[in-house]
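Reader: I'm new to this one. Can you walk me through it?
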Amino acid sequence: MKITVIALSYVGLANAIVLAERGFEVVAYDKDAEKVTKLENGEPSFEEKGLSDALKKNCKRITFTTDEKEAYEASSVVFVAVDTPSGADGSADLTHLQEVVACIKKYAKEETFVVIRSTVPVGTNQTLNEAASESEKKIHFISNPEFMAEGRALMDERSPSRIVIGTSNKEARDLMRRLYAKPISEGAPYYEMDGASAELTKYASNLFLSLKISYINEVARLAEPLGADISAVALAMGADPRIGHSMLHAGVGFGGACLPKDGAAFAKIAHDQGLRLSLVEDTLAINQTQPFFLYQKIVKKMGPLSGKKIAVLGLTFKAGTSDVRHSAAEFFAKSLLADGAIVSSYDPSVSARDSFAKQIPSSDKYLSSNTLQEALTDVDALVILTEAPEFASLDEAELCSLMKGRVIFDGRNLYDIRHFSFFDYISIGRPERKHE
Ligand code: UDX
């Protein structure tokens, strides 16, 4: 069977590769010609674990194209992974989805099943199906939200924690069971429901993850005046299987392309129904102020920042990705520059370093380093913002020889508070540790 996949970022590309791994012939479309040329040469335009190898292994079953007509005419099953960024009022901007719908009308086969993997407002699939029922073609829209996290997108797609299918159409349900026969046979939980429930499952899941993070961050704020250690607390809390350890690490808050955007969209969806989801709103509000919580400590500890040189380590929104969207580093770099500091930045990902520099107003006080050692040279303090392995295994003797100052701010709680002997160590939700 041939399947078309529309839009080849994290979700679409992982989706296309896994469909090819499962034996389907895939036509993979993106309007970005540069991206498509790279993919034809076996190179993804972003860093994602395992993607390059998987792409090379499956290239015979994937045809890449920038030709809309060719893509939509090729198959009667179209997977859609276009982005739905935040609009000005927080709602999901559906411009790219509307472009897809226009192409379906124009080019799709007489009977086409359109599988929406993008995160869309609750009710979107129903609206699309109602509009489609007036057309001469038989077009069925099916909600099939993705639950992939960056850094493990392929793994999440190959062995999903669950598969959610939202459609009331029997043919569509039969088709989706055939498409997902492999993970179903391997025991992946498979849930069929109506479109609105599937769409709501996606938002409710992402917001629950966000809620856990904001909750532990809020408890971390309380832990400090009480003299408690949030890492010890979270470890013991998470041992209860009803709570679990994941998404329970206190830090500088959640970033990335999904959780902040989906939170804002979810609040807007509720607002449009005349409801206020106070837990969702508080989750977002705590997250917005969480980077500031650490920044205040920098200001308090370092005094006037003007002329001080500070290393900012970790420019992505989390380790294991090159994605700098909604990263805490943006707030830190901009705030430090605004306060007159010199920012010495570093990330293990070369492309993250390049794309991050574009987000920062050009300044001779912003230094982008190619190595960790370069970033640490002569700095008064360092700030850790992601859990990259390089930052979790800093060599104290080397820090002493490179750095001018003796202060470490750890926005990810990567070390035991007694780990460093010659540095003041300041983290989140734990007592400050003064050097010996
Ligand atoms: C998330 C969801 O996990 C995924 O299911 C969904 O499909 C897309 O959004 P992703 O954005 O890739 O995936 O990142 P995730 O690993 O969930 O982390 C999100 C943010 O939360 C990161 O900034 C991360 O550093 C932060 N985080 C995560 C914490 O601060 N504490 C934690 O315990 C976990």
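Author: What follows is a short chat about a predicted model.

Reader: Start with the sheet. What is the strand order in the open sheet of six strands?
Author: The order is β11-β10-β9-β12-β13-β14, and the pairing is parallel.

Reader: Which strands stand at the edges?
Author: β11 (366-368) and β14 (424-426). Each has a single partner strand, so one side of each has no neighbour in the sheet. On average, neighbouring strands here are turned by 20° against each other, direction ignored.

Reader: How many bridges join β10 to β11?
Author: Three, with β10 covering residues 342-346. In that pair, V343 stands opposite Y366 of β11.

Reader: And β12? What does that strand pair with?
Author: Strand β9 (residues 309-313) is joined to β12 by four bridges, in parallel. A311 stands opposite L382 there. β12 also pairs with β13 (residues 407-410), again parallel and over four bridges. In that pairing, V383 faces F409 of β13.

Reader: Which way do the side chains of β12 point?
Author: A381 and V383 point one way, L382 and I384 the other. All four are buried. In a regular strand, side chains alternate between the two faces of the sheet.

Reader: New topic, the ligand. Which residues come nearest?
Author: E150, H249, F317, K318 and R412, out of 21 residues around the ligand.

Reader: How much of the ligand does the protein cover?
Author: 93% of the 660 Å² of accessible area that the ligand has on its own.

Reader: Which helix gives the most to the shell around the ligand?
Author: Helix α10 (residues 195-226), with four residues. By class, the shell has eleven nonpolar, four polar and six charged residues.

Reader: Now some single residues. Where is H140?
Author: H140 is in strand β6 (residues 138-143).

Reader: Is H140 buried or exposed?
Author: Buried. The relative accessible area of H140 is 12%, and the cut-off for buried is under 20%. The H140 side chain makes a polar contact with the side chain of N169, at 3.2 Å.

Reader: Where does K109 lie?
Author: In the loop between α5 (95-107) and β5 (111-116). K109 counts as partly exposed, at 36% relative accessibility.

Reader: How far is K109 from E73?
Author: 36 residues apart in sequence, but 6.0 Å apart in space, C-alpha to C-alpha.

Reader: What about M247 and its phi?
Author: The phi of M247 is near 60°, a positive value in a residue other than glycine. Most residues other than glycine have a negative phi.

Reader: Where is M247 placed?
Author: In the loop between α11 (230-238) and α12 (259-272). M247 is partly exposed, with a relative accessible area of 28%.

Definitions and conventions:
Residues numbered from 1 in each chain as written. Predicted model: local features only at pLDDT ≥ 70, side-chain atom pairs only at ≥ 80, totals over all residues. Heavy atoms only, no water. Pairing = 2+ DSSP bridges. Helix = DSSP H or I, 4+ residues; strand = E, 2+ residues; numbered from the N terminus. Axes fitted to C-alpha atoms, helices over the stretch in contact; angles between N-to-C directions. Near = heavy atom within 4 Å. Areas by Shrake-Rupley, 256 points an atom, 1.4 Å probe, with all protein chains shown as cover. Nonpolar A, V, L, I, M, F, W, Y, C, P; charged D, E, K, R; others polar. Buried < 20%, exposed > 50% of the residue type's maximum accessible area, 1.4 Å probe, protein only. Polar contact = N/O pair within 3.5 Å; in protein donor to acceptor, adjacent residues only side chain to side chain.
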